[in-house]
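Open the model in your viewer and keep the sequence panel beside it. The stops below say what to select and what is there.

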Amino acid sequence: MDNYIKEVIFENKQELYEDLAKLSENIKKITVKEKPFLIEFTGTGRSGKTTAIDLIQDVFIKNGLKVLVVDEEYVKVTKEINHNRNKKMNVDSLQYTNNVIEEKLTIYENTSIQDYDIIIYDRGINDEFVWLDVFNATQKDIEEYDKKLEKKYIDLLIIMTCSSDTSMKRKYLNSLSIMPTKWTNKETMENFLKGIEKSEKYFDNHCKNIYKINTDEIDKVTIALNIANKIIELIKKAE
């Protein structure tokens, strides 16, 4: 079966096969001493965050590590509006962001002490810092959250970006719906990219390591492979 995968499935992609085989071997060799290793993802819509997280979680679990992914469904206020379009389209964006941050602070407290090797936050609290900027929060509010987050020291923040045009194309060309949405639109995506730059000084306060990747021209497997290798590199440094 291994030969079939290598010789048939990866017939014209032998280099990728070797990279993936090496990845699995490297995962098996690491030991997470300071558990859990905390990872956050932030970035523009449709930059590939959730796909990358799924691929990373899968390969780390299959090679023996305990991995928890904390996604939007953990956040009650988000889950409520995700299942009610009318609520989502009419919600006060800034107030909603403040509510999400407060709930995520509690989620951090509860999850970061659990028995996992790695915990991945899909759009963690640092992501909300960008939204605070997008939705014109006061500097005072931003600085208050900054102080609260200083003790939430994330091991690795992964920033995934793509252009607003790429984001919109990925959204609508992979869907049966052409209805407009509240936050995944060209203007908001452009403001989000600007917000990432403005928020970098806060990211530095909260995160030990930051890894940026632009996904406009990179396929999803390569993106996830690069991120997985970065995670391994940082865990090995801490051994």
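The tour goes from the whole chain to single residues.

This is a predicted model, in which local features need pLDDT of at least 70, side-chain atom pairs count only at pLDDT 80 or more, and totals for chains, interfaces and linings use all residues. Residues are numbered from 1 along each chain as its sequence is written, and side-chain values use heavy atoms, with hydrogens and water left out.

**The whole chain**

The C-alpha trace spans about 55 × 40 × 30 Å along its principal axes.

Now show the side chains. Of the 239 residues, 45% count as buried; buried means under 20% relative accessible area, exposed over 50%, and partly exposed in between, with a 1.4 Å probe and protein chains only. Among contacts with a separation of 6 or more, 79% are between residues 24 or more positions apart, where contact means heavy atoms within 4.5 Å.

**The cysteines**

Select cysteine 162 and cysteine 207. Are they buried or exposed? Cysteine 162 is buried, at 2% relative accessible area, and cysteine 207 is also buried, at 4%. A disulfide is a covalent bond between the sulfur atoms of two cysteines. A search of the whole structure finds zero disulfides, the criterion being a pair of cysteine sulfur atoms within 2.5 Å.

**Backbone details**

Most residues other than glycine have a negative phi, and most peptide bonds are trans.

Go to proline 36, in the loop between helix H2 (14–29) and strand E1 (37–43). The peptide bond that joins lysine 35 to proline 36 is cis, with omega about -15°.

Move on to arginine 46, in the loop between E1 and helix H3 (49–62). Its phi is positive, about 65°, although arginine 46 is not a glycine. Arginine 46 counts as partly exposed because its relative accessibility is 39%.

Then select arginine 123, in the loop between strand E3 (118–122) and helix H7 (125–134). Here too phi is positive, near 60°. Arginine 123 is buried, with a relative accessible area of 14%.

**The loop between H9 and H10**

Select threonine 184, which lies in the loop between helix H9 (164–172) and helix H10 (186–206). Which residues does threonine 184 contact, leaving aside its neighbours within four places in sequence? They are Ser167, Met168, Lys171 and Met189. Threonine 184 counts as buried, at 16% relative accessibility. From threonine 184 to arginine 46 is 138 residues in sequence and 8.7 Å in space, C-alpha to C-alpha.

Finish at proline 180, also in the loop between H9 and H10. At 53% relative accessibility, proline 180 counts as exposed. Not counting residues up to four places away in sequence, proline 180 touches Arg85, Met89 and Tyr172. To see a separation across the model, draw the C-alpha distance from proline 180 to glutamate 150: they are 30 residues apart in sequence and 37 Å apart in space.

How values were computed
Helix = DSSP H or I, 4+ residues; strand = E, 2+ residues; numbered from the N terminus.
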